[in-house]
Amino acid sequence: MVPFAGWSLPLHYEQGHLQSHLHTRRRCSLFDVSHMLQTRVYGRDRIKFMESLVVGDIAELKPGQGTLTLLTNEKGGIVDDLIVTNTSEDHLYVVSNAGCADKDLAIMRGRATELQAAGSDIHLEVSDNALLALQGPSMAQVLQAGLSDDLAKLSFMNSITTTVFSVPGCRVTRCGYTGEDGVEISVPVGRAVELAEQLLGVPEVWPAGLAARDSLRLEAGLCLYGNDIDETTTPAEAGLMWTLGKRRRVAMDFPGAAIIMAQVKEKPKRKRVGLTSGRGWAAKPHSPPHVSISPGTVTSGCPSPSLGKNIAMGYVETAHSRAGTTLTVEVRKKQHLALVTKMPFVPTQYYMAK
């Protein structure tokens, strides 16, 4: 167990990091991600409220559809990455990173107060639900046994409210942080242990911890807030411009829009890239002066259990960001070669309903 953002979280279970990682890729694992902040936004002006904070086109989301979006500041920096879902009920469902929970809530509450004073109808509610992530290629088979709804009709980034293994009032969202097909289940806190035990009672399902979650997300080319993105990085630098809706780009009505759109036009000076090498080095995140890259900065890195080589993510000067470029990584004062590599390192398996 390790401390994280005020929580005590499992780093790994008895199977160990390597076996847990590979089991998730081959079968199915259960992650407890209840440390994530879950917020509901009510009121007729909830979409206007959300779009005053984030870069995504929330208005275009269909009932039950969600999107990854970015909460930005006036300098174009990324305050947090969020998943916002336009539920088929009467609210938006927002999932934020635990390490950003306090600042996110302060920003949302501050903006809500401003808009309420101007006559807008907005109400925020923090959920005390637990959050369980079931991830891996056999997820659908395992979960379908406890659902009356047809999972084959639920596409990536869509959600339903349903009963899961006799636990009512669960929100099941087809998403995750591993690159595999998976769901996140927001479950009433009083029934969370019961649901987790039922899922772990299936031999196919192993418990998995933070170590596997981190190596799985890195193989999938996904950013970790505080490492790969933060308030000093912009969507253009981070390769996350796909999160900006076309309408929002034209309107330029989100925080930091002028700076972000100017970077798009002029090209940013640095870009987030993937890096691979042989077994000679393993770049760990945020460990200067032991790890550096010329020219640039390593932000995440680990030996890839799936690929059998070292992978990393970092920022390099745009002139050196093309895939196939060879760079030098220094680890504990020893020089190693690294290749700029397209991400994801391991192909993603997100499910799209036919």
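**Entry 1: the pocket lining**

I count Ala, Val, Leu, Ile, Met, Phe, Trp, Tyr, Cys and Pro as nonpolar, Asp, Glu, Lys and Arg as charged, and the others, Gly among them, as polar. On that basis I sorted the lining of the second largest pocket: 10 residues are nonpolar, one is polar and two are charged. I was working on a predicted model.

I looked up the volume next. The second largest pocket holds about 230 Å³. It is lined by 13 residues, and those closest to its centre are Leu30, Asp32, Leu132, Ala196 and Leu200.

Which elements supply at least two residues each of this lining? I found β3 (28-32), β9 (130-135) and α5 (192-200). Helix α5 gives the largest share, with five residues.

**Entry 2: salt bridges across the chain**

I then searched the whole structure for salt bridges and got 15.

I opened Arg44 and Asp121 to begin with. Their side chains form a salt bridge at 3.5 Å, N to O. The two partners sit 77 residues apart and link distant parts of the chain. Arg44 lies in the loop between β4 (37-42) and α2 (46-51). Asp121 lies in the loop between α3 (101-117) and β8 (123-126). Is Arg44 buried or exposed? I read 64% relative accessibility for Arg44, so it counts as exposed. Asp121 has 30%, so it counts as partly exposed.

I turned to Lys103 and Glu231. Their side chains meet in a salt bridge at 2.8 Å, N to O. I noted a relative accessible area of 27% for Lys103, which makes it partly exposed. Glu231 is partly exposed as well, at 38%.

**Entry 3: a pair within one helix**

I checked Asp214 and Arg217. Their side chains form a salt bridge at 2.9 Å, N to O. How far apart are Asp214 and Arg217 in helix α6? They are three residues apart, so about one helical turn separates them.

Asp214 is partly exposed at 28% relative accessibility. Arg217 has a relative accessible area of 0%. The cut-off for buried is under 20%, so Arg217 is buried.

**Entry 4: a network**

Last, I looked for linked salt bridges. I found Arg25, Glu180 and Glu219 joined in a network of them.

Technical notes: Residues are numbered from 1 along each chain as its sequence is written. This is a predicted model: local features need pLDDT of at least 70, side-chain atom pairs count only at pLDDT 80 or more; totals for chains, interfaces and linings use all residues. Side-chain values use heavy atoms; hydrogens and water are left out. On a 1 Å grid over the protein atoms alone, a cavity is a set of points where a 1.4 Å probe fits but cannot get out, and a pocket is an open set with protein on both sides within 12 Å along at least five of seven lines; lining residues have an atom within 4 Å of a point. Grid points are joined across faces, edges and corners, and a volume is the space filled by probe spheres set on the points. Helices (H or I, at least four residues) and strands (E, at least two) are DSSP runs, numbered from the N terminus. A salt bridge is a side-chain nitrogen of Lys or Arg within 4 Å of a carboxyl oxygen of Asp or Glu. Buried means under 20% relative accessible area, exposed over 50%, partly exposed in between (1.4 Å probe, protein chains only).
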